Amino acid sequence: MATTPQGAEHPRSVPALLARNAARFGAQAAYREKEFGIWQSWTWAEAQEEIEALALGLLDLGAQPGDFIAVIGRNRPYLYWSMVAAQMVGAVPVPLYQDAVAEEMAYVLDHCGARFVVAADQEQVDKVIEVADRLPSFERIIYVDSRGLRKYDHSRLSAFDAVQKAGREAGETQREELENRRARLDYDDICVMLYTSGTTGKPKGVVLSNRNIIETAKNSAEFDHLRADDEVLAYLPMAWVGDFIFSIGQAYWTGFCVNCPESADTLVTDLREIAPTYYFAPPRVFETNLTQIMIRMEDAGALKRRMFHYFMEHARRVGPRLLDGHSVGLWDRLKYRMGEVLVYGPLKNALGFSRIRVGYTAGEAIGPEIFDFYRALGINLKQLYGQTEASVFITQQPDGEVRSDTVGVPSPGVELKIAESGEVFYRSPGTFVEYYKNAESTRDTKDPEGWVATGDAGFVEEDSGHLRIIDRAKDVGHMASGALFAPKYVENKLKFYPAILEAVVFGAGRETCCAFINIDLTAVGNWAERNNIAYSSYQELAGHPLVLETIQSHVEETNESVAQDEMLSGCQVHRFLVLHKELDADDGELTRTRKVRRKIIAEKYADLVTALYDGSDEVYTETEVTYEDGRTGRIRATLAIRDAKTVPVSAPVREAAE
Amino acid sequence: MMDGAGYVTADGRQIGGELLALHNITLRFGGVVAINDISFDIREGEIRAIIGPNGAGKSSMLNVISGFYTPSQGEVRYKGETRPPMKPYEVARMGVARTFQNIALFEGMTVLDNVMTGRLTHMNTGIAQQALWWGRARDEEMENRAKVERVIDFLEIQNIRKTPVGRLPYGLKKRVELARALAAEPSLLLLDEPMAGMNVEEKEDMSRFILDVNDEFGTTICLIEHDMGVVMDLSDRVVVMDYGKKIGDGTPDEVRGNQDVIDAYLGVSH
């Protein structure tokens, strides 16, 4: 598979892969998109024709090698074609997040100096026009959907169709020029530039070469035995590196079909209709799905409900073992088969998961309950760990070695190194070339030998060789005893309980760990309703003794689980309180992406932290809050502080550094 | 600004000649005069609004245009010809589609089926042929479905295509009703309070759709609306009615400055 039929080396650019696929899988579907209620499809040969027409059209508009061409919109074949057409003329595609506001777009478009922008629709066109005055190198927008654009000034606008039409009418000299440019593309040319979302500071343009993308696609596709008859649903943002690897890298490498949903709102139906064999989703999606299944089962008839619970219980016991290829008794196998017919099969069908051979989740920790639920159904859900700078893959879980608490073994071709500080470093064929126009950041992230800092702290398990990520490297500290302190590790475990929305664990430089807990109003409110517990406000519910009782049991269970980890057993939560208000981005306590701002919370609630450590049973506090309309007010509360049982740790605590 | 051959709007659209004209229309129910000697015209490609206080006779006016009421006196001219008294379905066949103030959809049917009913006037095959779903009936349905899907795409209701209308929230039902009217590919689209009962966001969406319909398909639109902001923003020309009489007619700016209109809306001291 790694070589062309002649035994020569494999293609060294995406357009070259396209040509290979058009020759090899010519009549096979390359793209599908649901439009006007029907799945429209394009074969590889048709896709090549469309892309060439667009590339010729771009030549006609004067696109030069090294130009940057921005691509903005939801996942549509036309936009994927735009990226490959850009590569064909020697330009660099830059996909942007479609939900970015005009200001953010202005920064990125200016930073890369995009000459052309391919925009999906009026909404995107409007944003680009709004900031166009500030973009000296910007020349023209090519729009896909003409709706609402008829009355616009077309001096700097072209319709996608029109550009393709011009391309199809191109003369011999232009076709030769395109041929020359395509032939010149090689491994070290830029394949794509992706901007990292940038939680701190301005976004950085990550430059990935053809080598990065093709080698990574090749390695990962072989790792999971991806095939030309696989199907994916492209629904994650095009500006995200994962989508580029799945929908272009791996799709072009293996020749599988990329399916684009009709709209963001029809995702569920489209997923069911396509039933992908290769699927990626962030943990949140799996979590939401599971919650919905559970709610709907509650509403189902008694027989169905009992059947569901009976067989799910069996599946939880047997399913993962079957997936991992362990031996399972005959009776259990038979019962699982029956469950497949009665429960698992129909359920998977309803979710659109019937045909999944390889499923991945990544991005954040996934609750073991959730993870195991899908594995129990027989869905081969695995975890991977990656980032833009690595062309996604750093580690991934091989079939048959899947666990919810690790992120797998190094992907093929990836070398791992754990630094003194516990930070994970990697080096791989997918390691990015540089941050565009930012040599300083490049130097800070990637050393001369090619090792890249992930910013995450973790360790490799000795017996399994799997990597475990414990926290962001900058958040990992030490307790007074010298034991490792990884707050997010504990917080994640706490947050797996539906009743707990957020948790903030303190303990750096102290003897013990303590925690703030935020209850989840929906989950706890629902529970209160079912148990006839009256409450009038968040604050009242959060302070209810029965709620505290529940939270306490969750904390204690978490402590038991934390205690089993010899490196982190010092992080057990000794005392906790349930906050009287929800942590809120408007109050600066969370980032806009809902990440806890530890330092700010510690400062703002210094009185509560003190109370946690001075042994008092309760504490009175006043907090300033910002309402949605921008007004501020104060809330006063007396919070109970509870002691949680901890598990004594006998083994000496090891240092992280090794 | 105006002459027989049409005019150019403030935002640069070319408006054509007369599509529908009402001449001295009077409508009586027994002793009640709902419409009293009203004349105005609707030109091709324009968005024409009818406004007025409650009970002014706006809906009656729309019902005269759609053929539901036959005027007691006066003449309706449509596409250059005097229209004889007609049944509403005959008017519909002539390219007039409408939505209703109180949504009139088939609650138990899916959105798709509801919108398909908008194509009824374009179906020529008989019941037997349709039941067998054979030959021309099959081709016809596929053709109609394709047209309906374009409308569904245009109004962004793909995600509820297979949902029974009864399960939809109010704002979406209004949109489905608009979809059904559009599916008929009308030359003249009548909207009876398309934004009644909506919140600000839904109103913005609906306004956008109305403008897009007018822009994309060139459909002439006549609408009744109470929200003055919406009316003034959307329409090219406005007719103002009060107690069955026409008290103003002109561009939104002209109407806004008309003393009779101000009196009718704000009340006048006697």
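**Domain arrangement and a helix pair in chain A**

Chain A is assigned domain 1 (14-274), domain 2 (278-472) and domain 3 (477-643), the bounds coming from an automatic or database domain assignment. The structure is a predicted model, in which local features need pLDDT of at least 70 and side-chain atom pairs count only at pLDDT 80 or more, while totals for chains, interfaces and linings use all residues. Residues are numbered from 1 along each chain as its sequence is written, and chains are lettered from A and ligands numbered from 1 in the order in which they are written.

The centres of domain 2 of chain A and domain 3 of chain A, taken over C-alpha atoms, are separated by 27 Å. Eight residues of domain 2 of chain A are in contact with seven residues of domain 3 of chain A (contact: C-beta atoms, placed from the backbone, within 7 Å). On the side of domain 2 of chain A that touches domain 3 of chain A, α14 (368-376) and β21 (467-472) of chain A each supply at least two residues; β21(A) gives the most, with three residues. Helices (H or I, at least four residues) and strands (E, at least two) are DSSP runs, numbered from the N terminus. By class, this side of domain 2 of chain A has four nonpolar, one polar and three charged residues. Ala, Val, Leu, Ile, Met, Phe, Trp, Tyr, Cys and Pro count as nonpolar, Asp, Glu, Lys and Arg as charged, and the others, Gly among them, as polar.

Helix α2 (residues 44-61) of chain A packs with helix α7 (residues 172-184) of chain A at an angle of about 105°, the axes lying 10 Å apart. Axes are lines fitted to C-alpha atoms, for helices over the stretch in contact, and angles run from 0 to 180 degrees between N-to-C directions. α2(A) and α7(A) are therefore roughly perpendicular to each other (65 to 115 degrees). In this pair, A:Ala55, A:Leu56, A:Leu59 and A:Asp60 of α2(A) meet A:Gln174, A:Arg175, A:Glu177 and A:Leu178 of α7(A).

How values were computed: Two residues are in contact if their C-beta atoms, placed from the backbone, lie within 7 Å. Angles under 35 degrees count as roughly parallel, over 145 as roughly antiparallel, 65 to 115 as roughly perpendicular and the rest as oblique.
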